[in-house]
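Trainee: I would like to go through this model with you and ask, for each term, what stands behind it.

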Amino acid sequence: MKLGFIGTGNMASAIMGGIIKNQIIPANDIIGADVMEAGRERVKDQFKIQVTADNHEVINSSDIIILSVKPQFYAEVIAEIKDDVREDQIIITIAPGKTLAWLKEQFGKNVKIVRTMPNTPALVGAGMTAACPNEYMTKEEIAYVLTLLESFGRVEIIPERLMDTVVSVSGSSPAYVFMFIEAMADAAVSGGMPRAQAYQFAAQAVLGSAKMVLETGKHPGELKDMVCSPAGTTIEAVRVLEEKGFRSSVIEAMKTCEEISKSM
Ligand SMILES: NC(=O)C1=CN([C@@H]2O[C@H](COP(=O)(O)OP(=O)(O)OC[C@H]3O[C@@H](n4cnc5c(N)ncnc54)[C@H](O)[C@@H]3O)[C@@H](O)[C@H]2O)C=CC1
Ligand SMILES: O=C(O)[C@@H]1CCC=N1
């Protein structure tokens, strides 16, 4: 199976890193194109894949192609490659807002497409990816693409109407979590902890808490209550977080993210 990327930036790197690390497709069967030589050289050096400046070469040498450019470049890239795309090839898209209907119109012919929304924890095999195959994908092809996506984390097939919500809850959310970890580390540094150690403690606490949600099946509120000892330290921190609008700020930020995704 030959895999191609058009665009070799942050998300493409995370995906190819996960696929190679988990030995789903070897590096020498992966090719990436990027308009920026620095982008090509970076993934060539980091992942030992083939690189090219020619998007047509990616299409003509791949069975599956991941369009990993920014949404605003999707139309021009599709216009460039659509005549090369064969009926047996699979296009995986990762851009917010670019619906299957819009993609079909851009390609102007029957193309096998799986619309997805991954996230950068794919790089460490802990991604969360939503997938939405179009009507031209066979069951066997869908199963293979899911195997590919599962190589770098969890995958869920979802109705396309939820894709913008996915952008806000998992596509973009690693950025919110990184900000949370940074803020916790700042507070730990203010308490006298060395910064590198503070990042380790904060990140591991977030990782462990997330694993508790995923593996215990308990409601996050119940897990929070398990930490809040009566008249203890935690409930005071929770009180201040509520006073500062922690939950509503997260909700408002995510609703904004979802709306921007819809507009792309
Ligand atoms: N970064 C993230 O956490 C996530 C990104 N995405 C989506 O992935 C896509 C890529 O995003 P990033 O990797 O963050 O952006 P990026 O800017 O890191 O990478 C995009 C790459 O595409 C290249 N490019 C631009 N026009 C091109 C063209 N015509 N032909 C070939 N290459 C071209 C750019 O030089 C750049 O290296 C976007 O649609 C984004 O919305 C989706 C989920 C998460
Ligand atoms: O910020 C963005 O537009 C992309 C989509 C989800 C995460 N990053």
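Trainee: How many residue pairs are in polar contact between domain 1 and domain 2?

Mentor: The count is 0 residue pairs, with both residues required to be at pLDDT 80 or more; a polar contact is a pair of N or O atoms within 3.5 Å, where within protein one must be able to donate a hydrogen and the other to accept it, and residues adjacent in sequence count only if both atoms are side-chain atoms. This is a predicted model, in which local features need pLDDT of at least 70, side-chain atom pairs count only at pLDDT 80 or more, and totals for chains, interfaces and linings use all residues. Residues are numbered from 1 along each chain as its sequence is written, chains are lettered from A and ligands numbered from 1 in the order in which they are written, and side-chain values use heavy atoms, with hydrogens and water left out.

Trainee: Which residues make up domain 1 and domain 2?

Mentor: The assignment, automatic or from a database, gives 3-160 as domain 1 and 171-263 as domain 2.

Trainee: What area do domain 1 and domain 2 bury between them?

Mentor: About 430 Å², 59% of it on carbon and sulfur atoms, buried area being the accessible area (1.4 Å probe) that two parts lose on being put together, summed over both. In domain 1, Gly97, Asn119 and Arg154 lose the most area to domain 2.

Trainee: Why is the pair of phenylalanine 180 and phenylalanine 246 called tilted?

Mentor: Ring centres must lie within 6.5 Å to pair, and planes under 30 degrees apart count as stacked, over 60 as edge-to-face and the rest as tilted; here the centres are 5.9 Å apart and the planes at 40 degrees, so the pair is tilted.

Notes
Rings of Phe, Tyr and Trp (its six-membered ring) pair if their centres lie within 6.5 Å; planes under 30 degrees apart count as stacked, over 60 as edge-to-face and the rest as tilted.
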